[in-house]
Amino acid sequence: MNDRLASLISALARQEPLAEEQFQALLDGMCPETAELLAQKAVETRKKIYGDSVYIRGLIEISNICKNDCLYCGIRRGNPHCSRYRLSPEDVFACGEEGYALGFRTFVLQGGEDPYFTDEVLTGIVAGLKERHPDCAVTLSMGERSRESYQRLFGAGADRYLLRHETADREHYAKLHPPEMSFDRRMACLRNLKEIGYQVGCGFMVGSPWQTNRSLAKDLLFIQDFKPDMCGIGPFVPHKDTEFWNQPAGTVELTCYLLSIIRLIHPAVLLPATTALGTIHPQGREKGILAGANVVMPNLSPESARKRYELYNNKLNTGAEAAQGLAALKERMAGIGYQVVTARGDIKK
């Protein structure tokens, strides 16, 4: 490791802001030695704030119907082979009851941009969950909506909103999305969510087609400036029914490297070790935690839905990924020195 890289890592550990070219230098200089030092600094930083706690979120995938046609996504509108489904409000409440009994205190409602979920329908679900489980947080991940819609959902009791920006590089964004989708609109949605008062999550794919270290440096700069409460990053994994079917997946190594950097950029951020990370490596989520992550998201969806909510090939949907495997997940986390906790797990500011 050269002196400049060591200096940049030390600056990150002191929470000094970096410029885009400095983030790119960190990425260009990735090697086992820099990865090990970044992970060590990231874990030290996280432990000062969160100790050995790993927060769990109960993921409820409420619909795989989507009006968008994102080029990388298995549930894109243009995929005729996707077996579509939609959970009813009663289905969602049943998932919540099961999750609550298992100890979950955060529910994450995730779905495609399904026109069925109007403000009336979705506020009813949010309010119903909060009425049944007032000690729980409700997180939504339902895509781009108007500011007024976000405001209504917040008023109904939604606590958090996840909206992955996918890439902070405008040109890269255009290569991953159809022309009707707008980089500026995505960024405006994130700003609206923060201004309304949500705990806000953004995030990006690692290793997506045409991604460069310069693109990733822009992502890191955006995270440094935006300071999200949550940041979900995971490796790009191709889906057989998209035009990227034959593209290589992102790597565990680069994903973990970026997790460490993000932890140092924003020490209190809630940082998941994602399902995609667990999909491409049997110990992917453990590696994520050891790189600085502190959240895992087991699946509370009905088993029939888990298999159909396929954003990418071979998504984990059984065993420790499913909520029923919570004991196994706790054991795996304990095996690397961490404790799964059942708190709401709000960001510590």
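1. Basis. The model is predicted, with local features requiring pLDDT of at least 70 and side-chain atom pairs counted only at pLDDT 80 or more, whereas totals for chains, interfaces and linings use all residues. Residues are numbered from 1 along each chain as its sequence is written, and side-chain values use heavy atoms, with hydrogens and water left out.

2. Second largest pocket. A pocket is an open set of points on a 1 Å grid over the protein atoms alone, where a 1.4 Å probe fits, with protein on both sides within 12 Å along at least five of seven lines; lining residues have an atom within 4 Å of a point. Volume is the space filled by probe spheres set on the points, which are joined across faces, edges and corners. The lining includes Lys-67, Asp-114, Phe-117, Glu-144 and Arg-145. By class it holds three nonpolar, two polar and five charged residues (nonpolar: Ala, Val, Leu, Ile, Met, Phe, Trp, Tyr, Cys and Pro; charged: Asp, Glu, Lys and Arg; polar: the others, Gly among them).

3. Largest pocket. Its volume is about 240 Å³. Among its 15 lining residues, Ala-35, Val-252, Glu-253, Cys-256 and Tyr-257 are the closest to the centre. Helices H3 (32–50), H10 (252–265) and H12 (284–290) each give two or more residues to this lining, and H10 gives the most, with five. The lining of the largest pocket comprises 10 nonpolar, two polar and three charged residues.

4. Sheet. Helices (H or I, at least four residues) and strands (E, at least two) are DSSP runs numbered from the N terminus; two strands pair if DSSP finds at least two bridges between them. Six strands form an open sheet in the order E2-E3-E4-E5-E6-E8, with parallel pairing. Strands E2 (58–63) and E8 (230–231) are at the edges, each with a single partner strand, so one side of each has no neighbour in the sheet. Within the sheet, E3 (residues 106–111) and E4 (residues 137–141) run parallel and are joined by five bridges; Val-108 has Thr-139 as its bridge partner in E4.

5. Cysteines. The whole structure contains zero disulfides (pairs of cysteine sulfur atoms within 2.5 Å). Cys-31 has its closest cysteine sulfur in Cys-256, 15 Å away and too far for a bond; Cys-31 is partly exposed at 27% relative accessibility. For Cys-70, the closest cysteine sulfur is in Cys-73, at 6.3 Å, also too far for a bond. Cys-70 is buried, with a relative accessible area of 10% (buried is under 20%, exposed over 50%, partly exposed in between, with a 1.4 Å probe and protein chains only).
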